[in-house]
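Subject: Handing over a structure, with notes

Dear colleague,

Please find below the structure I wanted to pass on to you, followed by my notes. I would be glad if you read the two side by side.

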Amino acid sequence: MRLKKSRVKAFTLLECLVALLVISGSLLVFDGLSRYLAKDITHQRTTKEKDWLVFTEQLRQELDRSQFVKVENDRLYVKKEGQELAFGKSRADDFRKTNWSNQGYQPMLQGLYSATMSLDSGLVRIDFIFEDKMERSFIYAMEETR
């Protein structure tokens with residue numbers, strides 16, 4: 001009786017080590033990218049810069065087509081397309097757009113500690129202090145209602 005020798009195809013030890021090296025390298029790259037993405041998302045959530053830029057553009061658009069009436073009690077009163085609108089900080093922590101009797105609710109900026117307004121030579125200045133102590137100012141040239 002003769003024993004038949006058969007050769008089974010299989011991976012060599014070297015091929016297994018190369019495959020493990022490729023897999024571990026891929027996992028390390030994936031882990032690094034995941035950590036970077038998590039840090040970036042956390043930074044985007046905590047920064048107010050993007051919210052500030054969106055707010056300033058939105059407020060400019062609102063004020064572009066409106067007529068100035070007055071600044072009183074840290075509120076800006078304007079008329080726009082027959083509507084009487086007021087902009088100012090609410091009792092909560094946001095800056096809102098309402099009508100003159102404070103009805104309606106449209107928050108424009110959140111996380112505020114204070115917002116003070118002043119009028120000087122047709123320039124409306126709004127100074128914002130956020131809860132995280134960041135300070136910003138918004139200055140806009142208004143034309144008075146005739």
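Predicted model: local features only at pLDDT ≥ 70, side-chain atom pairs only at ≥ 80, totals over all residues.

Residues are numbered from 1 along each chain as its sequence is written, and side-chain values use heavy atoms, with hydrogens and water left out.

Overall build

The chain holds two helices and eight strands, where helices (H or I, at least four residues) and strands (E, at least two) are DSSP runs numbered from the N terminus. Their order, read from the N terminus, is α-α-β-β-β-β-β-β-β-β. The radius of gyration of the chain is 31 Å, whereas a compact globule of 146 residues would have one near 15 Å; this radius is taken over C-alpha atoms, and the globule rule is 2.2 Å times the number of residues to the power 0.38. The C-alpha trace spans about 115 × 30 × 25 Å along its principal axes. Of the 146 residues in the chain, 26% are buried, with buried meaning under 20% relative accessible area, exposed over 50%, and partly exposed in between (1.4 Å probe, protein chains only).

Aromatic rings

Rings of Phe, Tyr and Trp (its six-membered ring) are taken to pair if their centres lie within 6.5 Å, and planes under 30 degrees apart count as stacked, over 60 as edge-to-face and the rest as tilted. By this rule the count comes to eight aromatic pairs. One of them joins Phe55 and Phe128, an edge-to-face pair with 5.4 Å centre to centre and 85° between the planes. This pair links distant parts of the chain, since Phe55 is in helix 2 (residues 49-64) and Phe128 in strand 7 (residues 123-130), 73 residues apart. Phe55 is buried, with a relative accessible area of 0%, and Phe128 is buried as well, at 1%.

Another edge-to-face pair is formed by Tyr77 and Trp100, at 5.9 Å centre to centre and with 85° between the planes. Because Tyr77 lies in strand 2 (residues 75-80) and Trp100 in the loop between strand 4 (94-99) and strand 5 (106-110), the pair ties together parts that are 23 residues apart in sequence. Tyr77 is buried, with a relative accessible area of 9%, whereas Trp100 is partly exposed, at 28%. One aromatic cluster is formed by Trp52, Phe55, Phe95, Phe128 and Phe130.

A charge sits over a ring if NZ of Lys or CZ of Arg is within 6 Å of the ring centre and within 35 degrees of the ring normal. Lys70 lies over the face of Tyr77, at 5.0 Å from the ring centre, and the charged end of Lys133 sits over the ring of Tyr113, 5.4 Å from its centre.

Two loop residues

Asn73, in the loop between strand 1 (67-72) and strand 2, has a positive phi of about 55° although it is not a glycine, and at 67% relative accessibility Asn73 counts as exposed. Ser121, in the loop between strand 6 (112-120) and strand 7, likewise is not a glycine but has a positive phi of about 55°, and Ser121 counts as exposed at 73% relative accessibility.
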